[in-house]
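Try each task before reading its solution.

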Amino acid sequence: MLTQLRNIVQSVAASADLHQALQTLVQQTCVAMHTECCSVYLANPEQASFDLMATQGLDPAAQVSLSFGEGLVGLVGERAEPINLAHAREHPAFKPFPATGEDAFQSFLGTPIIYRKTVLGVLVVQQHQPRQFDESEESFLVTLAAQLAVVFAHADAKGGWLNASQSPVLLEGVPASPGVGIANAWCDDSQPRLEDVAPASCLHVQKELDRLDAALDDASVEFRRLRKRFDKELQKEALAIFDLFVHLLNDPMLREDMTLRIQQGDEAAWAVRQTVETFSSRFAAMDDPYLKARAADVKELGQRLLYFLSEASSNHQPISSPIVLLARELTAGMLASIPRALLAGVVAEEGAANSHAAILARALGIPAVMGVSFSAPRLHNKSVILDGHKGLLMIEPAAPLLKEYQQLVQAEVSLQSTLDTALASPGKSQDGTRIQIHLNAGLSADSSIAINQGVDGVGLFRTEVPFLMQRRFPSEDEQVKQYRAILASYPDKPVVMRTLDIGGDKPLPYLSVDEDNPFLGWRGIRFTLDHPDIFLIQVRAMLRASLGLDNLKLLLPMISGVNELLEAKALIARAFEEVRQEAQLAGEVLAKPLLGIMVEVPSVLYQLDGIAQEVDFLSVGTNDLTQYLLAVDRNNARVANIFDALHPSVLHALSLIATTSDRHQLPVSVCGELAGDPVGAALLVGLGYRQLSMNTRNVAKIKYLLSRLSLPRLQKQTEQMLSLSEPGQVRTQMEGFLAEQGLDALVQIGRMR
Ligand code: PEP
Ligand code: MG
């Protein structure tokens, strides 16, 4: 059964057009189910009808269209569940269509094709014999319909099938970074992937060799250019990669191998794939872990070479004017390699509003929409409007719409300059209560480190990037340099540095860990406690970096209980003692950093009293707290609509943390994305939080917002919010409240769901 199912779905998915897909579907289903008739009806929302699109068994020339709710097919659609009848004609909803020749059939099994709560169509099998289809037949059809739904929805979004006549004009996704981007679309993944390159031979060997040479030269020039740029921008971590690529490109063995393959008749891309795979498996087989890790570099180089090869044969021009980047999966490297001024927005097929790439896009102020299915070749170079507030991508917009959006961009620019007036003054509510505003930094080697303006310090420095961007663990000295630069940027302010939080959606490229549930797996403190070597080096580096500056605070991610905390504390004490003694020899005094944990794993909520005895502060990670409390993958576009940091359960958890910290007089801050969201920030302050940490882009906005809110009124409003049970109500009512305070425009531009 499973094989048959898979075969049908694969044949349907591989079809060139809707007609072929549906024809394949009905024919193969008849064979698989040993039935005489199979038909598929698709929903036509404009006519509110189900139209017969393909059939095996009925007269294909018959035009059948049933209004929603009409006939057995309409009933299946309306009830959104299968109907299985031995005597179809006796059912009160039966509607005869003699022209189809269906008189011959007695039994009927219809099942809806549903994608994300929408009925896309109805799949029907019929038989001469008056008998009910058995359970296994019914479950086969239901499974088939569920799998087809995904294929149909995907094909539809890619502009190919259900809307075969017209290209899509509007694609919807998850709002991931606010703002509007107007530019031409640039499809990053219009290029083939290395693993997709199929064996191919060439007719003109010399022409192919020239193509390879041109690609190698272009790649060399590009890597040198990027190297220079990163050098200028002091992104030392990125330099190493490009140095290595240049080095590999000049490796005569690599070149010779590719050349030889082409001389033997292979097409250039196929030669690249084979050479790259041979070399990378050689590296992978080595014992030395450093050399082993080079396997990934060689593959990445191959991918980039392939890009230059197809660049040479495609009509892609180098990026010289602003673009909206469309990618399958957005990475930090991708965002870093396109100058900010040329990046009007980003759209990704994978990811959601709280994936790290989305957080990075927000930190860089790049409008972003995630979870959008698109057809790269169809969209490349088309003019688009990206609406990061609503999560929309509009393709080839008409002039009036374009004008409207251009006006919106202008309005946003002028609103931002109003908000910027709040930047210099300290964060305070309208009635003068001080709210500390800290910065989240470190997710990219971005400029936020340099902005020591208008903030009370760094509330969260994520240390993963140097680990992710290099091709090995950074050395202690390299880390010291990096951390020192940040601590020195805030000489008189606290800087909270978090120990390594890799895993989840931040896997290390050189440490492949294959896990079914990486967010529930070897992540954060779990990884570093299993690798005390890495943890000790990092903590030592942080401590050494803090010598003489004394502004370091240490933060531990993903703590799920007191045990982990005590284990980490013992290692920190060891690192501290080592660095203290070294410092003493050099005549320096090492200050003891304050220690805190991220409150982001729900188990900690019930151990706060014990934890309070062991730490100096808490920092609430609402991104993960929401993910784990609601059991919603923060990175999965399919469930993005139920990832809601304003869910009443999350609010109650936040309230519990605030009151417990207060009872223990333990400083507590919030560093998740909620703190930079106007509604979220207002609620957090209403709940009693007095320290919020956010990305640079949100600082002015949140300060402005708080300065216009009276604390007693806000507290009253927040209390009411705690009594709500519907997730959506909290946002709606809070937005209403903020609008009453004259803050509606700000809510519009700042909305982050
Ligand atoms: C969080 O989980 O809220 C958080 C701030 O950490 P990260 O987003 O890096 O997981
Ligand atoms: Mg987290």
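**Exercise 1.** How far does a polar side-chain atom of Glu600 lie from an oxygen atom of ligand 1?

*Before you start.* This is a predicted model, where local features need pLDDT of at least 70 and side-chain atom pairs count only at pLDDT 80 or more, while totals for chains, interfaces and linings use all residues. Residues are numbered from 1 along each chain as its sequence is written, chains are lettered from A and ligands numbered from 1 in the order in which they are written, and side-chain values use heavy atoms, with hydrogens and water left out.

*Solution.* 
- Step 1: the Glu600 side-chain atom and the ligand 1 oxygen are 3.0 Å apart, a polar contact (a pair of N or O atoms within 3.5 Å).
- Step 2: Asp624 also places a polar side-chain atom 2.8 Å from an oxygen atom of ligand 1.
- Step 3: Thr622 uses a polar backbone atom instead, at 3.1 Å from an oxygen of the ligand.
- Step 4: of the 290 Å² of accessible area that ligand 1 has on its own, the protein covers 100% (Shrake-Rupley method, 1.4 Å probe).

**Exercise 2.** Which residues coordinate the magnesium ion?

*Solution.* 
- Step 1: Glu600 (OE) and Asp624 (OD) coordinate ligand 2, the magnesium ion, at 2.0 to 2.1 Å. Donors are N, O and S atoms within 2.8 Å of the metal (3.2 Å for Na, K and Ca), and water is not among the atoms, so the site may look incomplete.
- Step 2: this pair links distant parts of the chain, 24 residues apart, with Glu600 in the loop between strand 19 (594-599) and helix 19 (608-612) and Asp624 in helix 20.
- Step 3: Glu600 is buried at 1% relative accessibility, and Asp624 is buried at 2% (buried means under 20% relative accessible area, 1.4 Å probe, protein chains only).

**Exercise 3.** How many disulfides does a search of the whole structure find?

*Solution.* 
- Step 1: the search finds zero, with a disulfide taken as two cysteine sulfur atoms within 2.5 Å.
- Step 2: for Cys30, the nearest cysteine sulfur belongs to Cys38, 5.2 Å away.
- Step 3: Cys30 is buried, at 6% relative accessible area.

Methods
A polar contact is a pair of N or O atoms within 3.5 Å; within protein, one must be able to donate a hydrogen and the other to accept it, and residues adjacent in sequence count only if both atoms are side-chain atoms. Helices (H or I, at least four residues) and strands (E, at least two) are DSSP runs, numbered from the N terminus. Buried means under 20% relative accessible area, exposed over 50%, partly exposed in between (1.4 Å probe, protein chains only).
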